[in-house]
Amino acid sequence: MALISNGEFVVDDWRRLADEEALPDKGKIIVSYERLDSALKARGANGDIGVIINNTLEIDKLTPVIAKLGLIAIAFPSFADGRGFSLARLIRRTGYRGELRASGRLLADQYTHALGCGFDTVEIPDDLAQRQNETQWRSARRTHQRTYQRGYISSGSILDSRRKAAQ
Amino acid sequence: MSINNFNTLSRINSPRTTYQYDEFDKDFVRERVAEFREQVRRRLDGSLTEEEFRPFRLMNGLYLQLHAYMLRVAIPYGTLTSQQMRRLAEIADRWDKGYGHFTTRQNLQYNWPKLIDTPDILEALAEVDMHAIQTSGNCIRNVTADHFAGVAADEIEDPRPTAEFLRQWSSAHPEFSFLPRKFKIAVTGATHDRAATLAHDIGLRLVKNASGDVGYSVIIGGGLGRSPFIGKVIREYVPRAELLAYLEAIMRVYNRYGRRDNKYKARIKILVHEKGIETIRAAVEKEFAAMDYTAFQQDPQEFKRVAASFAPPPYETLPSESSKLAKARLETPAFDHFVSVNVSKHKIAGYAIVTVSLKPISGIPGDATSHQMRVLADACDRFGFGELRVSHEQNIILPHVKKDDLFALWQTLDAADLATANAGLVSDIISCPGLDYCSLATARSIPIAQAISQRFSDMARQRRIGKLGIKISGCINACGHHHIGAIGVLGLEKKGQESYQITLGGDPGFSASIGEILGPGVSADQVPEVIEHLVDFYLAERHESEAFIDTWRRLGHARFKDVLRREGEDGADI
């Protein structure tokens, strides 16, 4: 897997824990949603626990523990499945400030969509990272400099720029 | 490569007729063109697989059709300037085969562009503030509106500022660009629905509340395709300031819960049908209440800025009747027919709305040559403040022509084969491209439209029949809107043969209804005859000027079925 942050391929300091693996005493680990409660109980809420969730999870299943999480990864079963974008919005709406990660076959062409909806990082399989290398992800960050929507994260809302220009 | 060197200067002192891009809008479209150029390059160098490239190609209006690529250009709310129309003609000449096809969603399709040329075509469009963004794909599509917007006598408010607002809000949306399926929005501001708002994923009607404020009645879950549904009102009144927020709430509910397991069940109409409108309404209201929607407040200042683009042109003060027009009508019967059929009432005295039919007898519905496009551009510069409209009936409208000028305009149109006096008549047929172009089609539709048109080529007979909408689709996806045609024709394939199913009683207006199937399918060559029998029966049974749909509603479907049964007894295979 390759991890993209701020348009660069970076080293992942989180480790995805398989369900059959024993819970380590320390270190940043990502567990499945099913294992989340027990992991939090065992390790406490020190921000070293993250969770990977399906894009169909109801947000209220997460809200009771969300403040304790250091990372939430949303699985993208296919790049064409946009449910993860809406779920990211709902997660950010709870006030969650930890890392939000899109995990799956997301394309560089969707990078600004992901960032706009509140994701920090994108995690893609190696074969995809070979075709869509760091250069492509880096320049993908700059493909949507102007955006019409407000309330999403972007480098330049057109309405705000219009206002500024009119002043 | 730009085509700046082409002569496309707009008329000096031409008034604003549609939304004028500012530098930010221009930047946005240029960015999209640059992005697509890069995507084409990355497709060719293998960075993107065909499967990965596909949604981005579609979001830029580029389809892979039966014989070639097809590029669908957006004409938001169907409004075009003369300058834009000339550019469409230039593109047709330079990169296509000298013609274009106007569609039922107020767009224009080129049927023969090359993939490698498309970024240049998009750049040529961007130079005149046009694009092909989101004319396809599983995203919010080009927003359509009443083609008589701003000039209709029955209007509460021009729907185009709202439609332009929605165009901007929906363009390259970070959250809603990978929806379960395509999503179509139509807006009307009139008391007659010329935008088929009940047949869209979202239909918006401008309404006034008790205190006289203009807001929106929001309809969701309408749609045609293989499972047609009439839309349902989700909220009677949404204040203008809250419209975008309310739409975000609907989109979020759809994006999260719309089916993705079966593309034929993925439209919002199926979600509404399966869960029930009450459940969906509750989910939308819950989301709406939870949103912090200050960011989505429709800013009154910004709305005013957009609305100013659609300000009325500088009309002259004229008498409501024109003696020049009356005289010309008396002297030239063909012109007289044109006026009674193709000219509609304008809200300003002394002006008229002219519908230019793209349905010549035996022609291809919606096609226009580059020459015809230029004639239309010149004609509207001369007679209509440089403005044109595309209707979802696949015709072109000159929205403001002086009654005094109608005869001169008619002569100009007639010389370019654009004066067919059949707007709304039986030969003004809506048709999808069908098997002649489309890879989804199961049967031909254009030749059927041509044959019906030929059968009714006697114009006096057409006028006697009066307004009657025939709509033809070449497959179950219903791009020809056959479900809402008073007479609908659906082309299917049965055991390797084309078979056409006839439906009656469809209605696209506020009293919308889905047509009912008449009986077993008929062969291609029988379609005109069957329709002729139905029309003859209607003529014999109608009360005075009763419309076809009203006669059908009064007599009932069974009586019309009987017409065909009697035909069957004579040995015809119906």
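These legends walk you through several close-up views of a predicted model.

Residues are counted from 1 along each chain as its sequence is written, while chains are lettered from A and ligands numbered from 1 in the order in which they are written. Local features need pLDDT of at least 70 and side-chain atom pairs count only at pLDDT 80 or more, whereas totals for chains, interfaces and linings use all residues.

**View 1. Chain A as a whole, with 6 helices and 8 strands.** Helices (H or I, at least four residues) and strands (E, at least two) are DSSP runs, numbered from the N terminus. Of the 167 residues in chain A, 38% are buried. Here, a residue is buried if 20 or more other C-beta atoms lie within 10 Å of its own, exposed if 12 or fewer, and partly exposed in between, with C-beta atoms placed from the backbone.

**View 2. The side of chain A that touches chain B.** Here 31 residues of chain A are in contact with 30 residues of chain B. Two residues are in contact if their C-beta atoms, placed from the backbone, lie within 7 Å. On the chain A side, α2 (83–93), α3 (111–116) and α6 (158–166) each supply at least two residues. This side of chain A divides into 9 nonpolar, 14 polar and 8 charged residues. In this grouping Ala, Val, Leu, Ile, Met, Phe, Trp, Tyr, Cys and Pro are nonpolar, Asp, Glu, Lys and Arg are charged, and the others, Gly among them, are polar.

**View 3. Helices α3 and α12 of chain B.** The axes of α3(B) (residues 82–95) and α12(B) (residues 370–383) come within 8 Å and cross at roughly 165°. That makes α3(B) roughly antiparallel to α12(B). From α3(B), the contact is made by S82(B), M85(B), R86(B), L88(B), A89(B), A92(B) and D93(B), and from α12(B) by S370(B), M373(B), R374(B), L376(B), A377(B), C380(B) and D381(B). Together the residues of this contact divide into 8 nonpolar, 2 polar and 4 charged. Axes are lines fitted to C-alpha atoms, for helices over the stretch in contact, and angles run from 0 to 180 degrees between N-to-C directions. Angles under 35 degrees count as roughly parallel, over 145 as roughly antiparallel, 65 to 115 as roughly perpendicular and the rest as oblique. The crossing of α3(B) and α12(B) is left-handed, a term used if the near helix is turned anticlockwise from the far one by less than a right angle, with right-handed used if clockwise.

**View 4. Helix α4 of chain B and its cover.** In α4(B) (residues 118–126), 7 of the 9 residues are buried. They are T118(B), P119(B), I121(B), L122(B), A124(B), L125(B) and A126(B). The cover over these buried residues includes α1 (23–44), β1 (62–64), β2 (69–73) and α3 of chain B. The axes of α1(B) and α4(B) come within 9 Å and cross at roughly 175°; these two helices are therefore roughly antiparallel. Where they meet, V29(B), R30(B), V33(B), F36(B), R37(B) and V40(B) of α1(B) contact T118(B), P119(B), L122(B), E123(B) and A126(B) of α4(B). That contact has 7 nonpolar, 1 polar and 3 charged residues.

**View 5. Helices α5 and α9 of chain B.** The axes of α5(B) (residues 160–170) and α9(B) (residues 300–308) come within 9 Å and cross at roughly 115°. That makes α5(B) roughly perpendicular to α9(B), and the crossing is right-handed. P161(B), E164(B) and F165(B) in α5(B) meet F303(B), V306(B) and A307(B) in α9(B).

**View 6. Two loop residues of chain B, Y77(B) and F385(B).** Most residues other than glycine have a negative phi. Y77(B), however, has a positive phi near 45°, and F385(B) has a positive phi near 55°. Y77(B) lies in the loop between β2 and β3 (79–81), and F385(B) in the loop between α12 and β14 (387–390). Y77(B) is buried, with 31 other C-beta atoms within 10 Å; F385(B) is buried too, with 21.
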